[in-house]
Amino acid sequence: MFANTSKGATSSAIIYSIIETAKANNIVVEKYLVYLFDNLSKIDMQDSDSLGNLMPWSHKIPEDMKIKDKK
């Protein structure tokens, strides 16, 4: 809506999707983004298992990034 270019709009949509997916999976967004960008630089992008391990719903996400239930 406020992007000057189609590439900017695409980039915004990607980052908004990552953020909202993290929220939906009860992940602390700020910690997850740092973790994601740090680890993306260390993996083989062609390896789907490595990429899958970085997804917010993965069981490989460190526990300290998850929002604790108040039960």
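The model is predicted: local features need pLDDT of at least 70, side-chain atom pairs count only at pLDDT 80 or more, and totals for chains, interfaces and linings use all residues. Residues are numbered from 1 along each chain as its sequence is written, and side-chain values use heavy atoms, without hydrogens and water.

Asn26 sits in the loop between α1 (6-24) and α2. Helices here are DSSP runs of H or I, at least four residues, numbered from the N terminus. Asn26 is not a glycine, yet its phi is positive, about 55°. Most residues other than glycine have a negative phi.

## Nonpolar core

The largest nonpolar core has 10 residues, among them Ala22, Ile27, Leu54, Ile61 and Met65. Such a core joins buried Ala, Val, Leu, Ile, Met, Phe, Trp, Tyr and Cys residues through side-chain atoms within 4.5 Å. Helix α2 (residues 29-40) gives the largest share of this core, 5 residues.

Leu36 belongs to the core. Leaving out residues up to four places away in sequence, Leu36 touches Ile18 and Leu54 (contact: heavy atoms within 4.5 Å).

## Asn39 in α2

Asn39 lies in helix α2. Asn39 counts as buried, at 19% relative accessibility. The Asn39 side chain reaches the backbone oxygen of Tyr35 at 2.8 Å.

## Confidence

Mean pLDDT (the predictor's confidence in each residue, from 0 to 100) is 91 for the chain, and 94% of its residues reach 70 or more. Confidence is highest in α2, at 95, and lowest in helix α3 (residues 48-53), at a mean of 91.

Technical notes:
Buried means under 20% relative accessible area, exposed over 50%, partly exposed in between (1.4 Å probe, protein chains only). Helices (H or I, at least four residues) and strands (E, at least two) are DSSP runs, numbered from the N terminus. A polar contact is a pair of N or O atoms within 3.5 Å; within protein, one must be able to donate a hydrogen and the other to accept it, and residues adjacent in sequence count only if both atoms are side-chain atoms.
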